[in-house]
Amino acid sequence: GMALAVASAWCGLHHAPTFAAKRAALFGRSLSDLLVVTDFDLTLTCGTSLQCHDVLGNGRCMPAGARADFAELLDFSRPFPAHLEREAWWTRANEILLSHNAPLRHQLPHLVAEAGMALRPGALELLAKLAQLDVPVLIVSAGCADLIEHFLEAHGALSPNVRVASNRLLWDDQSGALVGCAPLPPVTSFCKHQTHARNADFFQMHAARQTLLLIGDKKSDLQVAEGVPHSLSLAIGLYNVHTTDSPAPTATAATAAAATTTATAATVTAAAATVTATATAAATATATAATDMASIAISTPDDDVPADLAAAPILAGLAATAAGDLASLAGITDLAALAAAAGASAHPDADGSLASYLSSFDAVAIGHAAPLHPLVSLLDQWEGHERRRGGGQPG
């Protein structure tokens with residue numbers, strides 16, 4: 001696909017070829033047709049934030065024994081032993097909490113207050129916009145509903161249009177001690193395809209809404225759409241990698257990194273050869289920029305510019321990713337081309353190759369702190385189109 005011209009409002013979103021057509025289709029529909037399903041950890045929170053189980057396993061008000069038992073579960077420096085693989089990890093986490101009858105109900109606000117959970121830039125604005133438009137939002141998380149709800153409430157973002165579908169803690173009415181976890185089996189990152197079945201009443205209530213906006217940081221987050229009746233979906237990915245902590249590579253480093261890659265050496269070296277100048281420019285830009293330079297997008301007054309005008313690079317330094325061969329991709333403007341050149345680079349979440357990751361979404365924002373403001377702009381524009389249509393008819 002050809003590179004897409006993007007207005008400054010889209011800075012930070014790398015578009016797949018599907019994006020422009022889907023956005024146009026959205027703008028032809030009514031906002032009353034929209035339903036949002038989003039992940040929470042590392043999606044609504046930034047990529048370096050603590051996650052729900054970090055908070056449960058490390059909270060200062062948790063018993064020392066619980067924290068000690070949790071240590072093995074929170075050690076991501078090596079592969080998990082067989083008894084903690086896949087769903088067993090969540091089962092063990094619940095066992096630990098129940099064996100210590102913690103946290104106590106009254107400790108939840110303290111856990112949330114002291115936790116290092118940080119919202120992604122633009123997350124509050126996005127939730128506020130969706131609340132203003134009265135768009136139903138289902139937050140599907142393998143974390144903990146109680147923590148998520150307290151956290152959103154503390155930020156004034158737990159509005160009536162939001163429902164959290166996650167693991168819940170059950171307390172004794174009298175003592176406030178933890179006595180159970182629901183549902184069983186727990187919500188894990190391996191069962192997101194069961195979202196429709198587990199939240200049938202929510203989807204039934206909003207059955208007339210046929211436009212799905214999906215937001216997540218892993219490919220598996222898109223499985224929430226399985227079985228959900230819809231006629232249009234737009235999938236937005238948050239690719240959590242460091243984008244500012246290391247300087248962008250020089251063209252030489254890019255070529256060298258490319259040469260060490262086995263599966264994609266030929267493709268990437270070819271890409272590197274064509275972007276020598278842009279890689280150098282990107283390195284300079286990244287070194288001098290105070291802001292996150294993961295994306296250098298074309299700024300135009302009008303976002304309907306013909307695609308062939310989009311000649312400038314929108315990627316400036318994916319070098320800091322786990323896969324160094326991305327160093328050579330600085331001049332690539334188009335998500336499909338980026339995916340092709342990235343080839344078999346490993347994704348930090350072991351969710352398949354980067355190419356496979358990028359090709360799963362309609363648009364991707366790259367970086368631990370990649371903002372959600374472009375989605376607020378999307379909704380603002382959609383609202384503008386609907387207003388110009390005179391209110392619009394439900395699609």
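Predicted model: local features only at pLDDT ≥ 70, side-chain atom pairs only at ≥ 80, totals over all residues.
**Overall make-up**

The protein has 15 helices and eight strands. Of its 395 residues, 54% are buried. Among contacts with a separation of 6 or more, 72% link residues 24 or more positions apart.

Eight strands form an open sheet with mixed pairing. Their order is β1-β8-β7-β6-β2-β3-β4-β5. From one strand to the next, the twist averages 25°. Helix α7 (residues 145-154) packs on this sheet and touches β3 (137-144) and β4 (162-171). The directions of α7 and β4 make an angle of about 125°.

Strands β7 (residues 232-239) and β8 (residues 363-366) run in the parallel sense and pair over four bridges. Leu238 has Ala365 in β8 as its bridge partner.

**Asp39**

Asp39 lies in the loop between β2 (34-38) and α2 (52-58). Is this residue, Asp39, buried or exposed? Its relative accessible area is 7%, under the 20% cut-off, so Asp39 counts as buried. Its side chain makes a polar contact of 3.0 Å with the side chain of Lys192. Beyond its neighbours within four places in sequence, Asp39 also contacts other residues, including Leu44, Ile139, Ser141, Asp217 and Asp221.

**Salt bridges**

Side chains of opposite charge can pair when their charged atoms come close. The structure holds 14 salt bridges. Three of them are tabulated here.

| Pair | N to O distance | Relative accessible area |
|---|---|---|
| Asp362 and Lys22 | 3.2 Å | Asp362 5%, Lys22 21% |
| Arg29 and Asp33 | 3.1 Å | Arg29 17%, Asp33 1% |
| Glu114 and Arg60 | 3.5 Å | Glu114 30%, Arg60 66% |

What does the Asp362 and Lys22 pair tie together? Asp362 is in the loop between α14 (354-360) and β8, and Lys22 is in helix α1 (residues 18-27), so the pair ties together parts 340 residues apart in sequence. Asp362 is buried, while Lys22 is partly exposed.

Arg29 is buried, and Asp33 is buried too.

Glu114 belongs to helix α5 (residues 108-114) and Arg60 to the loop between α2 and α3 (64-70), so this pair ties together parts 54 residues apart in sequence. Glu114 is partly exposed, whereas Arg60 is exposed. Elsewhere, salt bridges that share partners join Lys129, Asp380, Glu383 and Arg387 into one network.

Note on methods. Residues numbered from 1 in each chain as written. Heavy atoms only, no water. Pairing = 2+ DSSP bridges. Helix = DSSP H or I, 4+ residues; strand = E, 2+ residues; numbered from the N terminus. Axes fitted to C-alpha atoms, helices over the stretch in contact; angles between N-to-C directions. Contact = heavy atoms within 4.5 Å. Buried < 20%, exposed > 50% of the residue type's maximum accessible area, 1.4 Å probe, protein only. Polar contact = N/O pair within 3.5 Å; in protein donor to acceptor, adjacent residues only side chain to side chain. Salt bridge = Lys/Arg side-chain N within 4 Å of Asp/Glu carboxyl O.
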